[in-house]
Amino acid sequence: MEGRYKGDVEGQREGLALKLPGMDLTVKAEGGNLPSGGADLHLSGHGEVDLTRQTARITQAKLEGMEQLKAEGSITVTRFSPYALSGELNLEPVNPRALLTKLGQKAPATGDEKALTALKLKTAFAVDPEKLELSRMEAKLDDTTLRGGITWPLGAGSTVRLELDGDTLDLNRYLAAKGGASAAPAPSTPQGGDAAPKAVPSAPPAATATAGDDLPVATLKRLDLDGKIRLGALKLGTGRFQEVQLTLKGKDGVLRLEPATMKLYGGSTRLDATLDARGETPKLTMKQNLQGVQLEPMLKEMTQDASVAGAANLDLDVTSTGKSVAALKQGLEGRVSFNIKDGAYLKKDLTHAIREAYGAYAATKGKTIQVGEDTGRTPFTTLEGTAEIHRGVLETNNFQAVSPALKVTGAGKVDLVQSQMDFTTKTNVAAALSDVDSRSVNDLKGMSIPVRIHGDLSHPRTTVDLAGLLEEALKTKAMEKVQEKVQEKLGGKLQEKLGGKLGEKLGIKSPEPAAPGSPTTAPQGGTTAPQGGTTAPQGGTTAPQGGTTAPAPAGGKTAAPKVEDLLKKALPLGR
């Protein structure tokens with residue numbers, strides 16, 4: 001390093017106090033990581049130096065150099081050794097990326113090549129061998145304005161302290177772009193049908209979680225941090241958040257986010273998380289509460305598609321261990337509860353799908369069912385449930401939704417690592433379907449119809465289980481008709497044989513006793529006998545008063561109807 005001073009020097013030899021009016025100092029630095037030819041810095045202003053007290057002061061200071069660096073302010077030196085100085089700095093707009101290159105440093109990788117290209121700074125500062133402090137700071141980096149203060153350690157044992165208030169920040173611009181191979185393609189769909197859904201493993205092995213961003217464990221163990229950040233608006237990934245407040249603390253390998261609060265999509269959320277890197281494998285604990293978040297705009301922005309609308313509430317409590325983001329995701333364990341109010345499933349009109357499936361069956365029997373208009377969505381008043389999370393797979397068995405036309409209960413799994421889902425629901429039809437075709441509703445009302453929702457989380461497929469639907473329909477209607485026929489044909493005799501209470505449990509009622517003097521009932525095909533006569537068997541005739549009974553069939557007993565015949569009569573579309 002070499003320097004050149006130009007200007008007047010005024011002072012007293014005895015006191016070693018100097019004045020430097022109109023000082024002009026040029027310094028040329030070479031070597032290290034500096035480019036060939038070195039770097040020049042030019043400092044001008046009015047200076048005062050007291051060598052006895054080891055103090056100095058420069059006012060109206062101007063600093064220029066490295067082709068683009070321009071700043072002005074004041075500098076006060078309170079100690080020469082070890083050095084300690086403070087002052088005011090007003091930095092004119094500079095390109096940090098180009099400045100780093102000029103200094104022989106590599107600019108950090110960013111998602112936007114235009115990030116880190118404009119910085120303007122006004123701040124008070126203080127620096128010594130241990131730390132650099134910026135206070136009363138106002139900085140504009142690219143499109144973001146930040147105000148507050150930062151303390152940055154220059155020696156061992158110091159804490160990074162920051163308190164910043166910002167307007168808007170697009171964090172994606174400053175995050176390194178994801179590299180590596182593209183995601184695996186989705187399974188191909190055979191012509192004319194749905195692809196087989198990707199299996200949802202019940203417990204994916206943790207040993208496979210080697211991909212993903214490795215956690216900076218060594219940095220976490222050294223980190224000493226105490227910070228608060230407030231932002232008017234934040235963009236991260238594909239999400240947008242407002243009124244963001246983050247409280248960060250890191251010490252001895254433990255990083256805490258307690259709490260992070262923000263507004264998002266008409267609602268709010270609070271997140272408390274701890275990452276403990278003291279052991280061989282980092283451990284994550286996380287709790288999150290979500291209130292009144294509108295799902296449709298959030299999903300459209302975050303996934304470019306939306307399958308559910310409504311105001312969502314959620315409580316999440318999970319833990320995990322892993323050395324990478326992927327490993328932490330795959331090792332998730334915990335519990336979640338959720339409810340969504342006044343929403344809709346946006347991927348399918350389930351009532352239309354049910355009518356359509358039932359109509360297809362009816363067509364095979366020569367009947368027509370009016371299926372109505374396909375609205376493309378299924379509204380609901382509530383959708384709620386709880387789920388357990390084990391090794392990255394969420395599983396629930398008490399999922400339920402209520403809509404004006406349907407009540408849905410079900411169970412299923414969501415693989416959070418593979419972003420796949422597989423749910424099977426039982427859908428009970430309500431009377432609201434009668435707006436389209438009362439006959440079809442009468443056939444379906446009260447039945448539990450299987451509906452399957454499966455596939456990629458952002459683009460799930462929905463199918464009505466036609467086989468299950470028909471099985472339920474046949475079972476329900478057959479039982480009703482069989483009961484009617486058994487009651488009609490055999491009710492009295494079975495009631496006598498089985499006894500009153502047992503017969504009633506089977507739905508078989510004893511016939512009302514005939515009034516004195518009233519005629520008795522003839523079996524099928526017979527006619528009513530006159531008062532005082534007897535019942536003629538099938539094919540017989542009415543006996544006159546005081547006459548005899550027509551001959552009985554061989555064996556002397558009435559033939560019972562066959563069960564298969566009763567079932568045929570029971571099926572509403574099988575006639």
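## Basis of the model

Because the model is predicted, local features need pLDDT of at least 70 and side-chain atom pairs count only at pLDDT 80 or more, whereas totals for chains, interfaces and linings use all residues. Residues are numbered from 1 along each chain as its sequence is written, and side-chain values use heavy atoms, with hydrogens and water left out.

## Overall make-up

The protein has nine helices and 24 strands. Helices (H or I, at least four residues) and strands (E, at least two) are DSSP runs, numbered from the N terminus. Of its 575 residues, 34% count as buried; buried means under 20% relative accessible area, exposed over 50%, and partly exposed in between (1.4 Å probe, protein chains only).

The accessible surface of the protein comes to about 33,500 Å², and 54% of this area belongs to carbon and sulfur atoms. Accessible areas come from the Shrake-Rupley method with a 1.4 Å probe, and for residues only the protein chains shown count as cover. Among contacts (heavy atoms within 4.5 Å) between residues at least 6 apart in sequence, 50% join residues at least 24 apart.

Strand 20 (residues 393–402) pairs with strand 21 (residues 406–415) in the antiparallel sense over eight bridges; two strands pair if DSSP finds at least two bridges between them. These two strands form a hairpin with three residues between them, and V393 stands opposite D415 of strand 21.

Strand 21 also pairs in the antiparallel sense with strand 22 (residues 420–429), over ten bridges. Within this pairing, G410 has T425 in strand 22 as its bridge partner. The hairpin of strand 21 and strand 22 has four residues between the strands, and S419 there takes a positive phi near 55°.

## Nonpolar cores

A nonpolar core is a set of buried Ala, Val, Leu, Ile, Met, Phe, Trp, Tyr and Cys residues joined through side-chain atoms within 4.5 Å. The largest has 41 residues, and those with the most contacts inside it are L264, I340, I389, L406 and V464. Not counting residues up to four places away in sequence, L406 touches L350, T351, I354, T378, A401, T427, N428 and V429. A second, separate core of 13 residues includes M66, L69, L121 and M137.

## A nonpolar surface patch

L16, L51 and F80 make a nonpolar surface patch of about 240 Å². Patches are made of residues with over 30% relative accessible area and no salt bridge, with like charges joined within 9 Å and nonpolar side chains (Val, Leu, Ile, Met, Phe, Trp, Tyr) within 5 Å. A salt bridge is a side-chain nitrogen of Lys or Arg within 4 Å of a carboxyl oxygen of Asp or Glu.

L16 lies in the loop between strand 2 (10–12) and strand 3 (17–29). With a relative accessible area of 39%, L16 is partly exposed.

## Backbone features

Two cis peptide bonds are described here. One runs from S81 to P82, with omega near -15°, and P82 lies in the loop between strand 6 (69–79) and strand 7 (84–94). Another joins E258 and P259, with omega about -5°; P259 is found in strand 14 (residues 254–264).

Positive phi values also occur in residues other than glycine. E243, in strand 13 (residues 239–251), has a phi near 50°. D342, in strand 18 (residues 333–345), has a positive phi of about 50°, and at 66% relative accessibility D342 counts as exposed.
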